[in-house]
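Q: Could you show me how to read helix packing and nonpolar cores in a model like this one?

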Amino acid sequence: MKAAVVFEKGSIPQYADFPPPEVKDNEILISVKAASIKNLDRARACGNHYSTENHEHQPTVIGTDGAGYLQNGDKVYFFSKKGTIAEKAVADKKMIIPIPEELDFSLAAALPNAVMGSAMALKFKAGLQPGNTILINGATGITGRIAVQMARLYGAGKIIVTGRNEESLQSLLELGADEVISLRLEDHDFKQKIKEIHKVTPIDAIIDYIWGHSVEMLLSALKGDGTFSHKTKLVTIGGMSGDTIQLSSQILRGTDIQISGSGLGSWTKEESHLLFSKIIPEMFQAAAEGKIKMETQDVDIKNIETVWNAEIQSGKRLVIRI
């Protein structure tokens, strides 16, 4: 079969022949039609992700999820660590989800990862309740844009978003955000803006996609003064602005704040089950009804080498069509 294969660690995937996957008792064979390329896929392909860094590299089909047909003709989304950007792939029977007939394969392939990166944080880590005030830090990325829409669907009372791309930041108002704050502001002005908002509508949760200096500013702005403070949960999902921060112990001692993360390895089995059995199917239906919007840039698998390191238009997810 044809597939996108990384033959040497760190190399660009190639469109090449590769042996068809072996189907085990608990697995099912899928004819793949579309699969998205995400930061997770790039990191795993390079051997830099924490889920692969201790593995000895072998020629590997890239991709962690996709959309296609079962042998009976059913349209499904699937998740698999055995490679998905190929004509054929296998997945655990528990890791497949029906796709509504009216939903395009490209959107079906692209949406779930963004849902994972937002729903799990919003529902389970932040514990979003109707009426809550949510701040999404670094919301102009693909997953951040989905988080804005899901927060609105889940009943958030106020949604504040931050980002550096001014055009993308303003477009979030059309997706459900109530207030935008530019990360291009001077530190003092940014922190003052957060303090003013927190005083009027206390922030219940921060969903963070970038970490780094922006989180340092957010924590500094929320720092308590020795009196009772509002409980705020900070959930980190990504580290695009840096993997480490400086954190004053005074902030933790003087502020009712809870810091946690959301990603592979941090979810319980029960939460992961709900993701596949309820959350993603709900979001597929919402997308089919036009309540969730997402843009993709579709490329044929034959051009995988060309697009692997290419710059993708902001706000779009790269999808490989097979």
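A: Gladly. Axes are lines fitted to C-alpha atoms, for helices over the stretch in contact, and angles run from 0 to 180 degrees between N-to-C directions. Helices are DSSP runs (H or I, at least four residues), numbered from the N terminus. The model is predicted: local features need pLDDT of at least 70, side-chain atom pairs count only at pLDDT 80 or more, and totals for chains, interfaces and linings use all residues. Residues are numbered from 1 along each chain as its sequence is written, and side-chain values use heavy atoms, leaving out hydrogens and water.

Q: How do α5 and α6 cross?
A: Two packed helices are described by the angle between their axes and the distance between the axes. Here the axes of α5 (residues 187-200) and α6 (residues 213-222) come within 9 Å and cross at roughly 50 degrees. That makes α5 oblique to α6, because angles under 35 degrees count as roughly parallel, over 145 as roughly antiparallel, 65 to 115 as roughly perpendicular and the rest as oblique.

Q: Which residues of α5 and α6 make the contact?
A: Contact means heavy atoms within 4.5 Å. Among them are Phe190 and Ile194 of α5 and Met217 and Leu218 of α6.

Q: What about the largest nonpolar core?
A: In soluble globular proteins, nonpolar side chains tend to be buried together. A nonpolar core is a set of buried (under 20% relative accessible area) Ala, Val, Leu, Ile, Met, Phe, Trp, Tyr and Cys residues joined through side-chain atoms within 4.5 Å. The largest has 75 residues, with Leu111, Ile136 and Met150 having the most contacts inside it. Helix α2 (residues 105-125) gives the most to this core, with 13 residues.

Conventions
Helix = DSSP H or I, 4+ residues; strand = E, 2+ residues; numbered from the N terminus. Buried < 20%, exposed > 50% of the residue type's maximum accessible area, 1.4 Å probe, protein only.
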